[in-house]
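Please walk through this protein chain with the model open beside the text. The tour starts with strands, then turns to rings and helices.

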Amino acid sequence: MGDSLPQYIYSDSIRLKQILVNLIGNAIKFTNSGEIELCITEIANDSILSTLLFSVKDSGVGIKEQNQEKIFETFMQEENSTSTKFGGTGLGLSISNQLLGLMQSKLFLKSIFMKGSEFYFSIQFKIALDQNEPIKPIIPIQSIISEIDENITILIAEDNEINLLLAKKILKKMFPKGIIYEARNGEEAVEIYKTIHLDIILMDIQMPNKNGYEVTSEIRKLEQSKRTSIIALTAGNLNQEKQKCIDSGMDGYLSKPINPDDLQATILKCLADKRIAV
């Protein structure tokens, strides 16, 4: 971060955090080695307004030139090896661009295939001149993930004991302070949903009593004010299952065995989507 940043600004902190979470989560997913860097610099200041440039750089797989224009489209999948290895590109980018549009800004991209990417945007903020004003400070990036960790509640609905333990181990490492519940069949999942507020449900498609699609449909009918994000876990063909998951009311989908990076990126995207809907 630059040394000349204003100490306090007026900002939409929720949207700003969502954008940074999406960009950093995306960078993590596509960077196996090297580094990820968040830079914030001031590019204009007239004592009343400050324009800040936010940049997230990674040394990951990069994006082919022919795909850079369409990378911000929802559910965009890059072809061949990238899609096979990482499960698609642009996770959360469409959401970030929508949020920036609400803040009179736009997301830009520089990328060299197999060498890395940089996503950047600028926003003009009003400077708070008096510390007694109702101000919102710039949010330290370290607080973004920890805030999610402090509050998140997750249900793993999975009848296979090994898959359940694996998912639980990944989640506990990802969110050590989060609360994790378990259901071995569809009926248990519905009963837990009725009694506990849940942020995320990892939903096995094939479960006894009620399968994942049936449970999702029942939960959507029970929902009132707050939507729970439901992520499908499937051992089948992900491409074939994708549309069925969406049609049944699910918010994301992962293939087994679970990849920790894919799981984290999908959870971050689901949480961002849910906040936008609110």
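Two strands pair if DSSP finds at least two bridges between them. Helices (H or I, at least four residues) and strands (E, at least two) are DSSP runs, numbered from the N terminus. This is a predicted model, in which local features need pLDDT of at least 70 and side-chain atom pairs count only at pLDDT 80 or more, while totals for chains, interfaces and linings use all residues. Residues are numbered from 1 along each chain as its sequence is written, and side-chain values use heavy atoms, with hydrogens and water left out.

Take the overall picture before the details. The protein chain has nine helices and 11 strands. Of its 278 residues, 49% are buried. Buried means under 20% relative accessible area, exposed means over 50%, and partly exposed lies in between (1.4 Å probe, protein chains only). Contacts (heavy atoms within 4.5 Å) can be sorted by sequence separation. Among those between residues at least 6 apart in sequence, 67% join residues at least 24 apart.

Now go to strand 5. Which strands does strand 5 (residues 116-127) pair with? Strand 1 (residues 8-10) is one partner, joined to strand 5 by two bridges and running antiparallel to it. There, Ile-9 stands opposite Ile-127. Strand 3 (residues 49-58) is also antiparallel to strand 5, with 10 bridges between them. In that pairing Ser-55 faces Tyr-120 as its opposite residue. Strands 4 and 5 form a hairpin with three residues between them. Met-114, in the turn, has a positive phi of about 70 degrees.

Rings of Phe, Tyr and Trp (its six-membered ring) pair if their centres lie within 6.5 Å; planes under 30 degrees apart count as stacked, over 60 as edge-to-face and the rest as tilted. The count by this rule is three aromatic pairs. Phe-54 and Phe-125 have ring centres 6.3 Å apart and planes at 70 degrees, so this pair is edge-to-face. Phe-54 sits in strand 3 and Phe-125 in strand 5, so the pair ties together parts 71 residues apart in sequence. Both residues, Phe-54 and Phe-125, are buried. A stacked pair is formed by Phe-108 and Tyr-120, at 5.6 Å centre to centre and 20 degrees between the planes. Phe-108 belongs to strand 4 and Tyr-120 to strand 5, so this pair ties together parts 12 residues apart in sequence. Phe-108 has 40% relative accessibility, so it counts as partly exposed. Phe-54, Phe-121 and Phe-125 make up one aromatic cluster.

Turn next to the helices. Which residues of helix 7 (residues 212-222) are buried? They are Gly-212, Tyr-213, Val-215, Thr-216, Ile-219 and Arg-220. These residues cover an arc of only 160 degrees around the axis, so they lie on the same side of helix 7. The arc is taken from the directions from the helix axis to the C-beta atoms. At the start of helix 7, a side-chain oxygen of Asn-211 comes within 3.0 Å of the backbone nitrogen of Tyr-213.

Finish at helix 5 (residues 161-174), where Glu-161 lies. Glu-161 has 37% relative accessibility and therefore counts as partly exposed. Its side chain and that of Arg-184 are joined by a polar contact of 3.1 Å. A polar contact is a pair of N or O atoms within 3.5 Å; within protein, one must be able to donate a hydrogen and the other to accept it, and residues adjacent in sequence count only if both atoms are side-chain atoms. Glu-161 and Arg-184 are 23 residues apart along the chain, with 8.3 Å between their C-alpha atoms.
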